[in-house]
Structure formats: structure tokens, C-alpha cells
Amino acid sequence: MQSGFNLQECWRIANRLDDLMHKRVPFAFHPEWGYLTACPTNAGTGLRASVMLHLPSLVMTKQINRVLQAITKLGMTAARAYGEGTEAEGNFFQISNQITMGSPEEDIIDNMERIIRQVIGHEENSRKSLMKQNREMLQDKIWRSNGILRSATSSAPRR
């Protein structure tokens, strides 16, 4: 795990660890199916890469479902920050690859980076649009949030 958008570096570290473990621990491997994992959907390379994204503008403009549906068609999955079926508290989404079989690890990482960059681009465009069309509403949200942060006496979440 790393902060920032460092998929390549994370993969290099995980790959080195994987190589070291492979020298000492036998893995269940099938020549046709790749690495056999506890979850059949992770067979193949077994590589599950994830990125946590903050997408408030896509949520505010109600474009988030369209974006999440598009990434699903591209072999990715999105989970709310606190797991499947939960509300996207703070508009955080975890996006990860669904397919681990039939593609080299490098291709999985490259594909993920390409798709994540597109999602980030949509978020940035949505932010620019919000700033042009709803600047006053955004400023109000920011000042209200600032007031809550400065005045709150408890860190307990509201329910």
C-alpha cells in the first residue's frame, strides 16, 4: 500500500516479495489456469490491484453511476469505501481489477492505470463544471464543512 498513484511501484514491491516467497513456499499452480486461489475469480495471476479515489464531484453531479458502470464493462469493479453495499462515506471509492486470468501482471497494471486516469479526468472535468455553474453552492458546502470541523466536540460519526 502506498499513498499517491504508485501502482507500478506497488506492483514491483509485491512482485519481489512474491518471488522471494516462491523460493520457500510451494504455491498451487496449474499450467493452464495459473495460480489456484481460495477464490476462483482470482485464479490466474492472482493479482488484485486496487486504488482508492475521492470522487465528490462525480457524486454531486450524479455522474458516478455512469462512470462506475463504464469501468465495470472494462473489467474493473468499484466498492464503496467501507465495503460492498455501504454508502460512499465521504465519496471514497475503491476500484480494483476483476480479471486475473489470461493477462500478464504488467498488462493488468497498465490497464488499471489507464482506466484510473480516465476516472480522474472525469472527476477533474466535473469539478471545473461545478465551479463554473455552482460556485456559490460549493463555497457554502466548504464553509459549512469548515464550521463543523472547527466546532465539533466529538469525533463520533453521525448516524
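Ser 57 touches Glu 123, Ser 126, Arg 127 and Leu 130, leaving aside its neighbours within four places in sequence; contact here means heavy atoms within 4.5 Å. Ser 57 itself sits in helix α2, residues 56-60. Helices (H or I, at least four residues) and strands (E, at least two) are DSSP runs, numbered from the N terminus. Ser 57 counts as buried because its relative accessibility is 5%. The cut-offs are under 20% relative accessible area for buried, over 50% for exposed and in between for partly exposed, with a 1.4 Å probe and protein chains only.

A word on what you're looking at: this is a predicted model, where local features need pLDDT of at least 70, side-chain atom pairs count only at pLDDT 80 or more, and totals for chains, interfaces and linings use all residues. Residues are numbered from 1 along each chain as its sequence is written, and side-chain values use heavy atoms, with hydrogens and water left out.

Nonpolar side chains tend to be buried together in soluble globular proteins. Here, the largest nonpolar core has 21 residues, and the members that touch the most others are Leu 53, Leu 55, Ile 71, Ile 95, Met 112 and Val 119. At least two residues of this core come from each of α1, β3, α3 (64-73), β5 (92-97) and α4. Helix α4 gives the most, with six residues. A nonpolar core is a set of buried Ala, Val, Leu, Ile, Met, Phe, Trp, Tyr and Cys residues joined through side-chain atoms within 4.5 Å.

Which residues does Met 112 contact, leaving aside its neighbours within four places in sequence? They are Leu 7, Ala 49, Ser 50, Val 51, Met 76, Ile 95, Ser 96 and Asn 97.

**The pocket**

Rolling a probe the size of a water molecule over the atoms shows where empty space is left. The largest pocket holds about 590 Å³ of space. For the search, a 1 Å grid is laid over the protein atoms alone; a cavity is a set of points where a 1.4 Å probe fits but cannot get out, while a pocket is an open set with protein on both sides within 12 Å along at least five of seven lines, and lining residues have an atom within 4 Å of a point. Points are joined across faces, edges and corners, and the volume is the space filled by probe spheres set on them.

The lining of the largest pocket has 20 residues, and Met 1, Gln 2, Leu 7, Cys 10 and Ser 50 lie nearest the centre. By class, that lining splits into 14 nonpolar, five polar and one charged residues. Ala, Val, Leu, Ile, Met, Phe, Trp, Tyr, Cys and Pro count as nonpolar, Asp, Glu, Lys and Arg as charged, and the others, Gly among them, as polar. Helix α1 (7-24), strand β3 (50-54) and helix α4 (105-133) each supply at least two lining residues, with α1 giving the most, five.

Trp 11 lies in helix α1 and is buried because its relative accessibility is 13%. Not counting residues up to four places away in sequence, Trp 11 touches Leu 47, Glu 105, Glu 106 and Ile 109.

Trp 33 lies in the loop between β1 (29-30) and β2. At 43% relative accessibility, Trp 33 counts as partly exposed. Its contacts, leaving aside neighbours within four places in sequence, are Ala 43, Gly 44 and Met 101.

Thr 45 is in the loop between β2 (34-35) and β3, yet counts as buried because its relative accessibility is 18%. The Thr 45 side chain reaches the backbone nitrogen of Leu 47 at 3.0 Å. Thr 45 also touches Tyr 35, Thr 100, Ser 103, Glu 105 and Ile 108, not counting residues up to four places away in sequence.

**Across the chain**

Here are some C-alpha separations.

| Pair | Apart in sequence | C-alpha to C-alpha |
|---|---|---|
| Lys 128 and Cys 10 | 118 residues | 31 Å |
| Trp 11 and His 122 | 111 residues | 25 Å |
| Trp 33 and Met 101 | 68 residues | 7.3 Å |
| Leu 74 and Ile 115 | 41 residues | 8.1 Å |

Lys 128 is in helix α4 and is exposed, at 56% relative accessibility. Leu 74, in the loop between α3 and β4 (76-80), is partly exposed at 40%.

Most residues other than glycine have a negative phi. Lys 62 is not a glycine, but has a positive phi of about 60°. Lys 62 lies in the loop between α2 and α3 and is exposed, at 72% relative accessibility.

How values were computed:
Polar contact = N/O pair within 3.5 Å; in protein donor to acceptor, adjacent residues only side chain to side chain.
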